[in-house]
Amino acid sequence: MRLILIGPPGVGKGTQSALLSSRLGVFPLSSGEIFRKEIEAQTDLGRLANSYIKHGELVPNGVTIEMMAKRLREPEVRKKGFILDGFPRTTRQADALDEILEEMDLPLSGVVSLEAPEELIVRRLSGRMGCTQCGAIYHSINKPPRREGFCDVCNSPIVVRSDDQPETIRERLRIFKETTAPVVEHYQAKSMLTRVDSTQDPEEVYAAILNALK
Ligand code: AMP
């Protein structure tokens, strides 16, 4: 499977990517998660990325494309397939991805646009917490961890992302509408897009994604 999940922040891309990768053994490739690991490791790329991410802005196309191209070329990704979550986020990234996949002779299985109303997204993002180690996602009201502050899966600390603050959330949603919505059109024009209602329960969304890929 070679899948792209597109959608605004908080729509459930991370949750679905985790379900798909753990159940089907497909390699998860989340650009946001890769940036967060670089920030944690205090690399040059991490420092550069953080100066944009903390304001809810996009990291420049050049470095983002280079970083994702490197991951896509890893042998394990070719072997297992991939779920792209958070990339491409601009039409320039979508064009670059088309070229990379064509050069590697790896056609996409599909592109899924996860959709939900903005009020619901803001509500979801406002209580969101993530595991610092395995990336599992929790919510203070909808899905609290069994032990407060620690991951159910791997027992590592869970934290609120620094870019999940109200003003940053609004900026990220604005950028999504302005810059990422055209990426949905990019794939629609290629007849590759399926829209999935992401207000449903995660298991229903999961089933709808698999159905879309049949
Ligand atoms: P995410 O975890 O997908 O919400 O990404 C967190 C942040 O990382 C975003 O708000 C951006 O600042 C940055 N980021 C992630 N993916 C990309 C991308 N494809 N292009 C540019 N910036 C990105």
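Colleague: Which residue stands opposite Asp197 in β8?
Modeller: Glu115 stands opposite Asp197. The model is predicted, so local features need pLDDT of at least 70 and side-chain atom pairs count only at pLDDT 80 or more, while totals for chains, interfaces and linings use all residues. Residues are numbered from 1 along each chain as its sequence is written, and side-chain values use heavy atoms, with hydrogens and water left out.

Colleague: Over how many bridges do β4 and β8 pair?
Modeller: Strand β4, residues 110-115, pairs with β8 over 5 bridges in the parallel sense. Pairing requires at least two bridges found by DSSP between two strands. Strands are DSSP runs of E of at least two residues, helices are runs of H or I of at least four, and both are numbered from the N terminus.

Colleague: In what order do the strands of the sheet come?
Modeller: The order is β2-β3-β1-β4-β8, an open sheet of 5 strands with parallel pairing. β2 (27-30) and β8 (193-197) stand at the edges with a single partner strand each, so one side of each has no neighbour in the sheet.

Colleague: Turning to Val77, is it buried or exposed?
Modeller: Val77 is buried, with a relative accessible area of 2%; buried means under 20%, exposed over 50% and partly exposed in between, using a 1.4 Å probe and protein chains only. Val77 lies in helix α5, residues 75-80.

Colleague: Which residues does Val77 touch?
Modeller: Leaving aside residues up to four places away in sequence, Val77 touches Phe27, Leu29, Arg71, Leu72 and Phe82, where contact means heavy atoms within 4.5 Å. The C-alpha atoms of Val77 and Leu29 are separated by 8.9 Å, although these residues are 48 residues apart along the chain.
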